[in-house]
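Here is a friendly walk through some of the contacts in this model. Have the structure open as you read.

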Amino acid sequence: MKITVIILQAVLLIAASPFISGFIKKLKNHIRMRKGAPLLQPYHNIVKLFGKDETISKDSSYIFRIAPYVLITTAVAAALLSPSFFPSFQISGTGDIFVIIFIFALGRFFTALAGLDTGSTFGGMGSSREMFISALAEPAFLVSVFAASLAAGNTGISSLLPGGVFKISLVCSGLAFYLVLLAETARVPVDNQETHLELTMIHEAMILEYSGKSLALIELAGHIKQLVLLSLLVYIFIPVGSGTGFYIIKIVAVAAVTAIIEVALAKMRLFRVVDYLIFSFVLSLAAVTAFIMGV
Amino acid sequence: MEIVIVFIALLLSGGVSFFIKNGKKGGIITLGGQIVAGIFSLLLCARTSGGTALAVLNFFYVDGLTAFFLFLISISSMATAFYSLWYFKDDENTGFYNFLFNIFVFSMYFVVTVNNLGMMWMAVEITTLSSAFLVGYRNNKTAVEAAWKYVIICSVGITLALFGIILFYYTGLTQAGIKSLNWTQLNAAGNFLDPMVVKAALIFIIVGFGTKAGLAPMHNWLPDAHSQAPTPISALLSGALLKVSLYAIIRFMIISSKSVGFSFCGNILGLFGIISLAVAAFFMLVQKDIKRLLAYSSVEHMGIISMGFYFGGKTGVFGALFHTLNHAAAKSLMFFSSGVIIKKYGTNNMHQIKGALEVLPFAASAAFLGMFAVAGLPPFSIFMSEFTVLYAGFKGGFYFSSSAVLVFLAIIFGALIYHFSGMIYGKKPSEMFRIKESLGITVLFGVMLIVLLALGLHIPEFVNTLIDSASNVIFGVE
Amino acid sequence: MHIELMQYGVLLMAFAMVAAKRFSALVTSFTIQSFLLFILTLSEAIKTGSTQLYILAVLIFAIKVIGIPVFLGRITKKIKVPDEMGLYVNTTLSIIIAALLSGISYYFIRNFLPSMEKEAGIALIIALSVTLIGLFIMIFRIKALAQVVGLLIMENGIFLAGASITGGIPFFVEIAVSFDVFIAVMILGVFVYRINSLFTHIDVDKLNELKG
Amino acid sequence: MESFIVDWRLSFDALSIFFGFVILLVAIPSWVYSIGYMQGLYSRGRIRFAKILFFFFILSMLLVVFSSNVLFFLIAWELMSLLSYFLVTLDSHEEKASRAGLIYILMTHVGTTFMTAAFLIIYSYSGSFDFIAFKETCLLLPSTIKTVVFLCFVVGFGTKAGLIPFHIWLPYAHPEAPSHISSVMSGAMIKIGVYGFIRFVLFILGVSELWWGNLILVLAIISSVGGILYALMEKDLKKMLAYSSIENIGLIMLGIGGYMVFIKMNQPLLAVFSLAAALYHTVNHAIFKTLLFMCSGAILKTCGTKNMEKLGGLIKLMPVTAFCFLIGALSISAMPPLNGFMSEWLILQTLFSGALAGATFPKMKIFLALLTGLLALTGGLAAACFVKAFGISFLAGTRSKKTETANDSGWTMKAPMIFLTGLIFIFGIFAAPVFKVLIDTVSSVSGLNSGGAAFTFNVMSLAPRNNSTMSLNSLLLFGILVITEVTIFAVVKIITKKRTVTCAHTWACGYYRTTERNQYTSTGFSKPFRVAFSFILMPSRKLEKIRDSHYHVKAFKYEVHTKQFLNEYFYKPVIKRLFRFAEWSRKLQQGSVHIYIGYIFLAIVFLIVFLKRF
């Protein structure tokens, strides 16, 4: 019973995840006074890509072939582990939120390798930058969760779920987490999913050589990851209301905020990102301090 | 009676070898003389090391301390004779060399066995005079220069020591009414001596004999002499001679301890010891000549020994004496092996010696291992003795000086490994090829290494008793 | 009384040697000093009437008054080097320093050996200052032979000490010491020869091949 | 002097047995590996010599961990250093090797000096060299002495373990040594330093101040971040691994420092956890670092270079090595569910739980949070570093002619690699039983109880506080990953049955094809990090144009170097000063006999004047 529910919610999450991206795109275009692609465009893309033949580089090895599968696996596994529609159902004995972070790292590891595998300069550049940003994002990511779990007294997801009450510490850490989220999901101001401009792209550069089903998998993985992170955010850092309804509302709200930010801000230079991430790290440390001061 | 035989043997071999031109034959005779003398002196050790002192016709006096030094001299003289046999095997008219060699050893035996302090003084002077020609043996500019410095400086030192001896005699005469310089009598009357006079005397004696023992800042003759003398002589100088003059100091220290205590002598020795360590450490860092390097390391080790006396206590003295033994063995090994290398490369300059390991595998590895032994790495025995000395320091609460010793030792280790890894490793000069090494010498190296190793891992019983009886004499334990 | 006189004479000679510029003068004054020592010993012998001291006196005369000066003279003839022995410090300063040294020995004896009876004290002071002066000459005179003589002066000083404060240290020790000195001088002489033949000079300060 | 007769008895307690196990775990595969490795690289005689040395080296390490007497310990310790020195300089005619050996032996000797001082200080109180006697004495030591001894131990063992700032020998010695030696040194020998630290500081000296622990934590985190940063900058494969050893030692010391801190925060349970985690990482690091060194050794043997810029595309030529390296890289950068992940996760957990538990230590909370953050940074950098290592040297096209000859080496070299790769999986998937054993080890040695850590089969539930329910089942995690993988793979296969896969050259922006000229280099890969961390790395770049005419530039020459902070600003100046002083001091001995006599004179006068002082 329980296991079926868990799988069900994972599937739901997977199914829903492209929608969020579509929603954000749509909203952005709206704000820009454009018509924009339909809400369900991401689904169309994925289906289309699954329908296409694939071309891969001669220079590449099996790493290049398996990387998409590893990536999607990690995403799905994360989806299985993380709370979403029915937060009360959790797989027990799979560690804590740290584990989810590490799992994402696994996926990234392989994508980066794949980026290098083709021998194209873009790929290398992309993976280099990706690893750079993620390495800098990691501390903020962990410490913000750390701050939140100080309240919960445990890093186990189920014990994190009830969330605290609104406190400065929680807000700070939530903000830090959100900044990291933007970085991790390749959004403005760190990266820009829409451009394929050689010198600015990061995540896109890494997967430039992919086509067909592999690309589909990668994109799907991206959507899933985004939704997982969002759900973690809303469950841990936004302790208002409970139940599936509230969950969806909160997700949509955060997505909307993201869209607005993407429109409002411009992409940063690569080395400005350092400051950005360090800021979020400091913010999370501030959260810890605030928690200790009891505010 | 053994003593007499010892001296006769040495005189005989000296006299005979004087008339033999052929290096090999003369060397063999010398070696024979050393072996006979060595065996008998070892017998003497065996008889007296139990702590039973015996006096021979009121002229010679042999007790535990003497036994220890007899052991030292006999072993190192035998080894050196064996080595010099190889070293001079294809030289001609080495008669003079062999003669002086015997006289030199003779005088060292004489120093440690004679009872009368005046005679002892004279014997020490004779060691200088006899080894002067050995140092200047090669009779080129540098050799003569070294010899000159050696004689002049040592004579000055010794002369000062004589002044101290006279002061001793004076207080013995006035306070205790002894009209003789016999150590036994003076020692017996030790309590009556006038402390101030004794202190005044000790200053001159320590400086005087310290000059000969190579304590800084009176050590300057030492590197010159060691670097210019033929290698066997260098070995004998630092293996035995330095210790012999230390022996003289110890004798006076014993007498004075009755009236002024060990601390006075110990403090002065400690001062010189720490200076010696410092000087050695820094001069070794920037040394070019391998034999000078080894000479400075001798200075260092004399420093450690005197630090042992400074820290005092049974432990300190034990460490010092044990260190004396180890240093004799290790340093002889070093001189022997590096002598082989020098002979092959034809230079003392360490920057010109490269890749010795490929040219002379055995000698080079012996030198390298010996270097680690000298630097005081376990499991070699010098580690144990240094450890003992340092322990005495820490136990006695000399935290600073002991730490200083540790630091200097570290620097010295650095210097040694820096120079030696440069020589042993690296590419060999293209014109050199691996040569067959003399078996005897290789065996000698092996034996010495094994001795060092064995002493390091476990102190055998007879050595223990030897040292213990020696320290008993020092502390006046009957 | 005349004993003190002799002792002062020895000291005076030491000063004379400090003042000496030329080597021959040095040797001469050394001879005189040794002669004074001989007189001292002789008078001691006459006083005590012990044969040992007689023999000793004869020995001193033979070695220090005759033997060594002659030997030195022959060396100087053999090696044709100018008679001046280079000075590091000029005569006046040397004398001042020598006086200082006597002062040091005075201070030393008076402060550290107060227990000593007076005349022995004076003798010791003189002996010590002579020794130190010998040392001084060894340090501040360039030529090799000067150093030899300096060594001999130190020897004399110590002999003075031995003779005057202890009435002669044991007989055979004295003998041994004197012979020892003689041998030492011989050997040093040999080395002076060698130096001269190898370097064509006997300026010891130029012997600085070996350093560091 | 019976006290100096060494007592040669061995003692086997849980800790030493654990470390003995680690040593053998590293040594035996390396032994097998060395058979194939040394063949053809060295002359026969040298190989025999090396084998003998190797044997005694291992023996000495075992003696160190099993000795029960300080003197014995010290002797074995020095023997170990000496033998490893000879092994490092095995190809002795190489200038670089002998230099590396020189630096190595110097540093270790400095360490030993400090250790000796510490031992002697304690011994001068205890009067016996036995461990138990030491332990008893240390309870009574005055606190200042205790602190001195502690600092001596930190320097002494830190040097051997390669803790920053005593690490400088490590990046020289490990790369220069033959690969099987590097693997033993990195896998086992530096762990002996850790052993010594645990044995003497934790269990004999005892933790008496909170700041001791904090000091260790700080050093540890500096080592991990600094180590991995320098590793990231390296393009020499083995040097990179050496630096990453520094990082991992840092992680281990993090656990140990945690122990010390938690003891003072009276959280015995956490202390046990922390130390157990450290031990866990010790064994893990032993496994994968040995493996990685073996792989790089294989590359070095077939390609004759360990410079990543010259490698590339090896995955097709030497698949087995590539696979082993990949697994090792994944594990060392803490990818679930491999063993590296498990131990790093545990260390994280203990730090975190410490922050929870230390209610009375608010400052510690922030400190630990900071540590967690930096630990995360280390993880990220490690991932980047090993992506670079694997990606540049194994993937894409070849970068130079050297790789043409590359091929998988013989079984004697392959077998140990595969064996260790298997171990990586086993130690990852069956983490709980392993961790249980370690917990028992620690609690038996330290005498602290380990209740509250409940271990059902393969489910390790960390319960620093009883109300927490969080638990990790590594097998389950592995299962989930595998099952999802398989299902997804199946699904995708079904969907895209009819789709074809065509192969073509990588698009090279309009060139004919990508060549070694326009592939991404390791230097390029690490560029962003170099810029971001320029305040530590102090990079200096040299760019020169080689032009045949004023208008036409034939070629570019681009060099970039990163400085070693400590070398530049501490070690080199000190050495230089030392030598300069020595040179100056030679003036004291200019060869003039007059001056020499003058020294004697001065000595006399000095003593006369200060007679009363003596």
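## Where chain D meets chain A

The contact between these chains draws 74 residues from chain D and 69 residues from chain A; two residues are in contact if their C-beta atoms, placed from the backbone, lie within 7 Å. Please keep in mind that this is a predicted model, in which local features need pLDDT of at least 70, side-chain atom pairs count only at pLDDT 80 or more, and totals for chains, interfaces and linings use all residues. Residues are numbered from 1 along each chain as its sequence is written, while chains are lettered from A and ligands numbered from 1 in the order in which they are written.

On the chain D side, the elements that each supply at least two residues include helix 14 (339–357), helix 15 (362–394), helix 18 (474–495) and strand 4 (501–504). Helices (H or I, at least four residues) and strands (E, at least two) are DSSP runs, numbered from the N terminus. Helix 15 of chain D gives the most to this side, with 19 residues. By class, the side of chain D that touches chain A has 48 nonpolar, 21 polar and 5 charged residues. Here Ala, Val, Leu, Ile, Met, Phe, Trp, Tyr, Cys and Pro count as nonpolar, Asp, Glu, Lys and Arg as charged, and the others, Gly among them, as polar.

## A strand pair across the chains

Strand 1 (residues 54–57) of chain A pairs with strand 4 of chain D in the parallel sense, over 4 bridges; strands pair if DSSP finds at least two bridges between them. Within strand 4 of chain D, A504(D) stands opposite S57(A).

## Two helices in chain A

Helix 1 (residues 2–31) and helix 10 (residues 244–264) of chain A pack at an angle of about 45°, with their axes 9 Å apart. Axes are lines fitted to C-alpha atoms, for helices over the stretch in contact, and angles run from 0 to 180 degrees between N-to-C directions. Helix 1 of chain A and helix 10 of chain A are therefore oblique to each other, given that angles under 35 degrees count as roughly parallel, over 145 as roughly antiparallel, 65 to 115 as roughly perpendicular and the rest as oblique.

Residues of helix 1 of chain A in this contact include F23(A), L27(A) and K28(A), and those of helix 10 of chain A include I251(A), T258(A) and E262(A). The contact of helix 1 of chain A with helix 10 of chain A has 11 nonpolar, 1 polar and 2 charged residues.
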